Amino acid sequence: MPAADRHSILAAPGLLLLVTFFVVPVGIVFDQGLFDPAFTTAHFERFLARGAYMAVFLNTLRVSVVVAMACLLIGYPVAYFIVRQPPRRRPVLMFLVLVPLWMSILVRTYAWMVVLGREGIVNGLLMTLGITDQPVKLLFTTGAVYVGMVQILLPIMIVTCYSAMTEIDQNLLRAARILGARSGQAFARVFLPLSLEGAVTGTLIVFILSMGFFITPALIGGRRDMMMANLISSQVSQTNWGFAAALAIILLLATVAVLVAARLLTRRLVYAAAKTDTP
Amino acid sequence: MTDSTEPSGARIRFHNVSKRYGDVAALADFDLEIGAGEFLTLLGPSGSGKTTALNILAGFTEASGGDVRIDGQSILSLPPEKRNVGMVFQSFALFPHMSVFENVAFPLKLRKTPKPVMRDKVAEALDMVRLGDYAGRRPSELSGGQQQRVALARAVVFQPAVLLMDESLSALDLKLREAMRLEIRHLHSRLGSTIVFVTHDQGEALTLSDRIAVMRDGRIAQIDTPDRVYDQPTTRFVAEFIGQTNLFDVTPADGGGVHVADLGVAIPAEGMNGAKAISLRPEKIRALANGSDAPDAGMVVFDGMVDEPLFLGETVQYSVNLPSGRTMQFRENRGEGRAPLRRNDRVRLAFRPHDAVPIVRD
Ligand SMILES: Nc1ncnc2c1ncn2[C@@H]1O[C@H](COP(=O)(O)OP(=O)(O)O)[C@@H](O)[C@H]1O
Ligand SMILES: [Mg+2]
């Protein structure tokens, strides 16, 4: 048997898996969204016609962007801090970062209900300290959704940044210093550009996961915090299969579009960061 | 870089510097004076504290005690970027996201060198390492030897008074390493900077240095010119670490001099006072033709049996079993007008008494 044939046999199980669990379901979704039973754009027209649907879509985009940015702004410095620790302390800190990942999103969201509720920990504390005498509405707000999602997704951001940062040879920073860079300049001209790819990858992963978030906005958000996944779920429960499939297609295409745009932008960013004359 | 206004090398002084990591003394009572423009090598086995000494000089590691001065000024409170020191790292540490040009221009940009001057200086530095045509490449597009030369150009382009090199050649293959030795020597005479070179390779140390500081356990075991370190080691450690040698314990003999039990001979007094052992280099020992006497009456003669000839190219090295049961090495040029010795041949060996170097300490 020629080598190429043998290789294609080795690839068969993986290919089968991909077809069964990815190509076929996505195919079915596209089929349901676009054929009813003949080709139709009716479901998409319905989406565009009602402002409420568009509002959900825009809300999904906004929440995902804000959560991804917040995770970047918190996660990158945390990863940087951990990388700068002595080698023996780093695995311990990373372990602590990863612990929450072993709890299901549902459990963590319920935990936020306990923390943010009317009789929750935060309100208890605020009232004990006399900052307020009425419980503040924290639960079922947009803020709660942001806090919950950031907490849930932050470890992923930190891990991605951290692994990119550990790839950077520490001697590069030393070289920058001895060649005349102050520590801030060494960071801006050497560390930042070399860790940027990792930071962008982390931000995109968080963004993608946010776009599909379901439980958190449903449980701790208000009525206006509905996201695409919640809308799809409610359409499915009303057996509007075609419309639900169209919504899924829109979500998928929007996510892919953002990914492609971000990738193109990063190439320029990395290049520009290397060029800057003043940090 | 050759005009007369340029700053030349700086004097460096380590004054009783120590560095502890928990219970480990990476450096202890480290005292060293390096002259302006000198090429000094720190030579020692892995873990002897060479990198620690260099890192303290560069400002990457804080000393636990003592002082370091450059041209009389204490530098321990200065950050690395204020020390006017260039460094070539073992891993080269070229910035992967910058071109060769940008790498070499990096120290000049930070010094706010005007663009036209910067371009000239970078071009000159790259020409010096014969990489003028590679300015636009990325480091990843260069061979190991080329990366090494870019690192060198980057380290000297801002004319630092001191240049540090930590095992800078050990990532290269043998041939390249030998070619780079010549380039570095050449560079040194051209730049005039003081060079502190770190290596565990004695060959590198012997060919490059004005002086060698042999290090052991965070201290300097011996510091001297290459030929003196090779010819006159004062400790067992130095004798064994640099080149190959035969070490024999000795005891004081009647009438001065020492007795070498393993060889069954005595060596006359000259310079042997206080010797605990002698070091005999393999190339200082000669095999005598069958049954003949030593060519020169003063030579010390002893017998042995050839164990294993080792062909080394222009020389052959023989392992010889001594009557005491010990094995020693001697080396001779091939074709000395005598049939080569073979395994189990009896052989009569001789050396001049002054070629036996007295070892006074371990
Ligand atoms: N950061 C560190 N932490 C703990 N021990 C260290 C550290 N750096 C060096 N050492 C120890 O100090 C000693 C000297 O190390 P080093 O200067 O790197 O030696 P060399 O460069 O001669 O191989 C070694 O015993 C090494 O284990
Ligand atoms: Mg070292």
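Biologist: What makes Phe35(A) count as partly exposed?
Modeller: Its relative accessibility is 39%. The bands are buried under 20%, exposed over 50%, partly exposed in between (1.4 Å probe, protein chains only). So Phe35(A) is partly exposed. This is a predicted model: local features need pLDDT of at least 70, side-chain atom pairs pLDDT 80 or more, while totals for chains, interfaces and linings use all residues. Side-chain values use heavy atoms, without hydrogens and water, residues are numbered from 1 along each chain as written, and chains are lettered from A and ligands numbered from 1 in written order.

Biologist: Why is Phe39(A) called exposed?
Modeller: Its relative accessible area is 55%. That is over 50%, so Phe39(A) is exposed.

Biologist: Why is the pair of Phe39(B) and Phe197(B) called tilted?
Modeller: The centres are 5.7 Å apart and the planes stand at 45 degrees. Rings of Phe, Tyr and Trp (its six-membered ring) pair with centres within 6.5 Å; under 30 degrees is stacked, over 60 edge-to-face, the rest tilted. So this pair is tilted.

Biologist: What does the pair tie together?
Modeller: Phe39(B) lies in strand β3 (residues 39-43) and Phe197(B) in strand β8 (residues 194-199) of chain B, so it ties parts 158 residues apart in sequence. Strands are DSSP E runs of at least two residues.

Conventions: Helix = DSSP H or I, 4+ residues; strand = E, 2+ residues; numbered from the N terminus.
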